[in-house]
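Trainee: I have a structure open and I'd like to learn how to read it. Can you walk me through it?

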Amino acid sequence: MGREALGMIETRGMTAAIQASDSMVKTADVNISKFYVVGSGFVIAMVEGDVAAVKSAVEAGKNSIGNIGELIACNVLPRPHEDVIRFISLIDMI
């Protein structure tokens, strides 16, 4: 699976991030590419796959959080530039 798109969900709370990640991989053909514990309860889950699958997965993940935690932000980057991918690979929070 290539990096046609990169999807991100940031939550307050590990349980919410795990719930969102589970929903994302169950909803569409995506792979979890990174999981960051930022600090102060903030967690970022990233998935990659084709553009439509990532959009669908992020939407499902966002909707699955409910009362478990708090959605802080979500975004889909279609065809991210290689410099962005290189930058993300430099971030080593886990």
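Predicted model: local features only at pLDDT ≥ 70, side-chain atom pairs only at ≥ 80, totals over all residues.

Trainee: Got it. What does the sheet look like, and in which order do the strands come?

Mentor: The general idea is that strands of a sheet pair through backbone hydrogen bonds, either parallel or antiparallel. Here four strands form an open sheet in the order 2-3-1-4, with antiparallel pairing. At the edges you'll find strand 2 (31-39) and strand 4 (70-78), each pairing on one side only. From one strand to the next, the twist averages 15°.

Trainee: How many bridges join strand 1 to strand 3?

Mentor: Strand 1 (residues 5-12) and strand 3 run antiparallel and are joined by eight bridges. You can trace the pairing residue by residue: arginine 12 has phenylalanine 42 of strand 3 as its bridge partner, while leucine 6 is partnered by glutamate 48 of strand 3.

Trainee: And how many bridges are there between strand 2 and strand 3?

Mentor: Seven, again in the antiparallel sense. One of the pairs to look for is phenylalanine 35 with alanine 45, the latter in strand 3. Strand 2 and strand 3 also form a hairpin with two residues between them. Serine 40, in the turn, has a positive phi of about 55°.

Trainee: Is strand 3 mostly buried or exposed?

Mentor: Seven of its eight residues are buried, so strand 3 is largely enclosed by the rest of the structure. Take glycine 49, which sits in strand 3 (residues 42-49). Its relative accessible area is 1%, so glycine 49 counts as buried. The C-alpha atoms of glycine 49 and valine 30 are separated by 4.8 Å, although these residues are 19 apart along the chain.

Trainee: What about glutamate 48: buried or exposed?

Mentor: Glutamate 48 also belongs to strand 3, and its relative accessibility is 12%, so it counts as buried.

Trainee: Now the helices. How do I describe two that pack together?

Mentor: Two packed helices are described by the angle between their axes and the distance between the axes. In this model, helix 1 (residues 14-27) and helix 2 (residues 51-64) have axes that come within 8 Å and cross at roughly 145°. The crossing is right-handed. On the helix 1 side, the contact is made by Gln19, Ala20, Ser23, Met24 and Thr27. Helix 2 contributes Ser56, Ala57, Val58, Ala60, Gly61 and Ser64. Sort the residues of this contact by type and you get five nonpolar, six polar and no charged.

Trainee: Which strands does helix 1 touch?

Mentor: Helix 1 packs on the sheet and touches strand 1, strand 2, strand 3 and strand 4. Its direction makes about 170° with that of strand 2. Helix 3 (residues 82-90) lies across strand 1, strand 2, strand 3 and strand 4 too, but runs at about 55° to strand 2.

Trainee: How many salt bridges are found in the whole structure?

Mentor: Four. To spot one, look for a side-chain nitrogen of Lys or Arg within 4 Å of a carboxyl oxygen of Asp or Glu. Glutamate 70 and arginine 12 form one of them, with the closest N and O atoms 3.0 Å apart. That pair links distant parts of the chain, since glutamate 70 is in strand 4 and arginine 12 in strand 1, 58 residues apart. Glutamate 70 is partly exposed, with a relative accessible area of 38%.

Trainee: Which residue does glutamate 59 meet in a salt bridge?

Mentor: Lysine 62, at 3.3 Å from N to O. Because they are three residues apart in helix 2, glutamate 59 and lysine 62 are separated by about one helical turn. Glutamate 59 is partly exposed at 38% relative accessibility, and lysine 62 is partly exposed at 28%.

Trainee: And which residue pairs with arginine 86?

Mentor: Arginine 86 forms a salt bridge with aspartate 83, and their closest N and O atoms are 2.2 Å apart. These two are three residues apart in helix 3, so about one helical turn separates them. Arginine 86 counts as partly exposed at 46% relative accessibility, and aspartate 83 is partly exposed at 44%.

Methods:
Residues numbered from 1 in each chain as written. Heavy atoms only, no water. Axes fitted to C-alpha atoms, helices over the stretch in contact; angles between N-to-C directions. Left-handed = near helix turned anticlockwise from the far one by under 90°. Contact = heavy atoms within 4.5 Å. Nonpolar A, V, L, I, M, F, W, Y, C, P; charged D, E, K, R; others polar. Buried < 20%, exposed > 50% of the residue type's maximum accessible area, 1.4 Å probe, protein only. Pairing = 2+ DSSP bridges.
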